[in-house]
Each structure stands twice: as C-alpha cells, then as structure tokens.
Amino acid sequence: MLQYIVELDGEILLFIQEFLRFEWLNPIVLFLTSLGDGGLIWIVLAALLLTQKKYQKAGVSMAVALLIGLLITNVLLKNQICRPRPYAAIPELQSLTTASGWSFPSGHSTSSIAAAAAMFPRTPGWMGVSALILAVLICLSRLYVGVHYPTDVICGALVGVLAAFCAGKITEKLMGEKETA
C-alpha cells in the first residue's frame with residue numbers, strides 16, 4: 001500500500017507538470033510559494049494583528065500555532081522521516097525552484113494552514129476567508145513548483161489544523177474566553 005501511495009504521489013506531480021503548468025502562470029505561482037518561505041507572511045500578519053487590541057487573541061493564537069507547527073514538522077517529523085524532495089527522486093520532474101531540507105511534511109503547508117486556521121475564528125469573515133484562501137494557494141503552489149509530494153502537503157496541512165486547534169485552546173486558557181469577531 002505504501003509503495004502505491006509513493007507511486008501515486010509521483011504520478012500526480014508529473015500530471016501537474018504536463019497538464020497544469022503554464023509559462024504565464026509560473027511567475028505568479030513562484031511568488032505565491034515564496035510568500036510561505038519561513039512562514040514570514042504569517043509571522044508578519046500575526047505581528048500586525050498583535051498591534052490591534054481587537055485582534056490580539058488572533059495574533060497570539062497564530063504565533064502559538066506557528067510555533068507548534070514548527071516543532072512538530074521541522075523539528076520532529078522531517079528529521080525522523082527524512083523523505084527526499086521529489087525533484088531529487090523523480091528524474092522526469094522539472095522543479096521550478098529548489099528547497100532545503102527534507103520533504104515530509106511540507107513546512108509551508110503546516111505554517112500556512114496553522115496560521116490561517118488560528119486566525120479564521122478570531123477575525124471578521126473576510127479576513128479569515130482571505131487568509132484561508134492564501135494558505136490553500138500556498139499549499140497548492142508547493143505541488144506546482146515540484147518541491148513537495150501531495151502527501152507532504154496533505155500531512156503538513158493536517159499538522160497545521162492540529163497546531164491551530166491546540167493554539168486556540170492555549171490562547172483561550174491564557175487570555176480568557178474565546179473571542180468572536
């Protein structure tokens with residue numbers, strides 16, 4: 001079963017390369033994927049929310065979610081699983097960029113989903129929905145550019161959801177009742 005999943009992962013990436021990549025779209029997707037580098041967009045957004053009293057719980061929850069996601073993904077899982085990047089394992093795959101470290105799970109996906117899911121219930125709908133859309137686009141961009149397998153992205157997103165859930169509970173405990181936007 002594991003071998004089937006590994007093969008399917010590679011086939012999906014080759015399908016994306018063959019049928020979903022377009023020259024005009026490449027710079028847009030490369031920009032989107034760069035927004036997730038080091039979780040920087042989410043760190044900046046959390047810091048901005050922290051400056052607004054109305055959204056401080058959202059900023060704290062995002063920061064805690066990012067920290068939890070970082071510990072689970074980059075400290076624990078990546079170093080235990082040690083999965084090579086797809087462009088290093090699939091000769092036919094032409095990545096549009098490279099990435100350092102191991103592939104599984106996707107750190108971009110973890111940080112994006114963790115931050116957006118932590119932000120969503122603590123900000124007005126348009127802000128939360130915009131964050132979730134950006135997070136999903138960053139996740140998908142990792143497949144498009146060829147630096148992650150689909151299972152890397154899915155598992156990174158799942159870790160992100162878990163991190164956001166835990167961060168929400170921690171924030172509620174530290175800062176009082178759940179804030180409604």
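**Entry: the model.** I note that this model is predicted.

**Entry: Gln17.** I looked up Gln17 and found it in helix 1, which covers residues 2–20. Is Gln17 buried or exposed? Its relative accessibility is 18%, so Gln17 counts as buried, because buried means under 20%. Next I checked its contacts. I left aside neighbours within four places in sequence. Gln17 then touches Glu92, Leu93 and Gln94. With Gln94 I found a polar contact: the side chain of Gln17 reaches the backbone nitrogen of Gln94 at 2.6 Å.

**Entry: Val129.** I moved on to helix 7, residues 125–144, where Val129 sits. I read a relative accessibility of 40% for Val129, so this residue counts as partly exposed.

**Entry: helix 6 and helix 7.** How do helix 6 and helix 7 pack? Helix 6 spans residues 107–119, and its axis lies 8 Å from that of helix 7. I noted an angle of about 170 degrees between them. The two helices are therefore roughly antiparallel, because angles over 145 degrees count that way. Next I listed who makes the contact. From helix 6, the residues include His108, Ser112, Ile113 and Met119. From helix 7, they include Met127, Gly128, Leu132 and Arg142. I sorted the contact residues by type and got 10 nonpolar, four polar and one charged.

Key:
Residues are numbered from 1 along each chain as its sequence is written. This is a predicted model: local features need pLDDT of at least 70, side-chain atom pairs count only at pLDDT 80 or more; totals for chains, interfaces and linings use all residues. Side-chain values use heavy atoms; hydrogens and water are left out. Helices (H or I, at least four residues) and strands (E, at least two) are DSSP runs, numbered from the N terminus. Buried means under 20% relative accessible area, exposed over 50%, partly exposed in between (1.4 Å probe, protein chains only). Axes are lines fitted to C-alpha atoms, for helices over the stretch in contact, and angles run from 0 to 180 degrees between N-to-C directions. Angles under 35 degrees count as roughly parallel, over 145 as roughly antiparallel, 65 to 115 as roughly perpendicular and the rest as oblique. Contact means heavy atoms within 4.5 Å. Ala, Val, Leu, Ile, Met, Phe, Trp, Tyr, Cys and Pro count as nonpolar, Asp, Glu, Lys and Arg as charged, and the others, Gly among them, as polar. A polar contact is a pair of N or O atoms within 3.5 Å; within protein, one must be able to donate a hydrogen and the other to accept it, and residues adjacent in sequence count only if both atoms are side-chain atoms.
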